[in-house]
Amino acid sequence: MLNRQLMSLAGRANRFLRQVAMLDWAYDTFGMTALDRVERCKRVIEEAIEVGQAGGVFEEEVHRLVSYVYARPTGKLPREIGGLGIALLALAHFANIDAEAEEIREFERVLSLPTEHFRNRQNEKAAAGVAGKVVLP
């Protein structure tokens, strides 16, 4: 377990260290739920939908995209993560947003908030049936 100061320094150092630090933070915050592959994927989907919503995509378009994607063969996770990453970079450049700066800003914002804030949000999502409940070790 990394302490928050080390995590913040790691976040500024490079993306791989942020990646390691974020999963460590997620485990400390959400427990075993953070180590569930489907749960991690659902959180990525949630964030992607929020990006679409912020960018003006209508809910009906999201539903059509879900149907389109799930009608096709399942991809491989590493390649799909790469595709997600390059799509995000292209969107950020188009929107004149520094993706890395925003990633670091969000990383530091998350670390600055109390753990209970995120545990409560996760349990609210669990109560709504869209996430796993916090399961601390």
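This is a short walk through one protein chain, from its overall layout down to a few residues.

Hi everyone. Before anything else, please keep in mind that the model is predicted.

Let's start with the fold. The protein chain has seven helices and zero strands, so to read it along the sequence is to follow α-α-α-α-α-α-α. The C-alpha trace spans about 40 × 35 × 30 Å along its principal axes. Of the 137 residues, 21% count as buried. As for contacts between residues at least 6 apart in sequence, 66% of them join residues at least 24 apart.

Now to a helix pair. How do α2 and α7 pack? Helix α2, residues 15-30, meets helix α7, residues 115-127, at an angle of about 75°, and their axes are 9 Å apart. That angle makes α2 roughly perpendicular to α7. On the α2 side the contacts come from Trp25, Asp28, Thr29 and Phe30, and their partners in α7 are Thr115, Phe118, Arg119 and Gln122.

Next, the surface. The chain exposes about 10200 Å², with carbon and sulfur atoms supplying 63% of that. One nonpolar patch, about 570 Å², is made by Leu65, Val66, Tyr68, Val69 and Tyr70. Take Val66 from that group: this residue sits in helix α4, residues 59-70, and counts as partly exposed because its relative accessibility is 44%.

Last, a backbone detail for those of you who like torsions. Which residue has a positive phi although it is not a glycine? That is Asn96, with a phi of about 60°. Asn96 lies in the loop between α5 (77-94) and α6 (99-112), and with a relative accessible area of 74% Asn96 is exposed.

Methods: Residues are numbered from 1 along each chain as its sequence is written. This is a predicted model: local features need pLDDT of at least 70, side-chain atom pairs count only at pLDDT 80 or more; totals for chains, interfaces and linings use all residues. Side-chain values use heavy atoms; hydrogens and water are left out. Patches are made of residues with over 30% relative accessible area and no salt bridge: like charges are joined within 9 Å, nonpolar side chains (Val, Leu, Ile, Met, Phe, Trp, Tyr) within 5 Å. Accessible areas come from the Shrake-Rupley method with a 1.4 Å probe; for residues, only the protein chains shown count as cover. A salt bridge is a side-chain nitrogen of Lys or Arg within 4 Å of a carboxyl oxygen of Asp or Glu. Helices (H or I, at least four residues) and strands (E, at least two) are DSSP runs, numbered from the N terminus. Buried means under 20% relative accessible area, exposed over 50%, partly exposed in between (1.4 Å probe, protein chains only). Axes are lines fitted to C-alpha atoms, for helices over the stretch in contact, and angles run from 0 to 180 degrees between N-to-C directions. Angles under 35 degrees count as roughly parallel, over 145 as roughly antiparallel, 65 to 115 as roughly perpendicular and the rest as oblique. Contact means heavy atoms within 4.5 Å.
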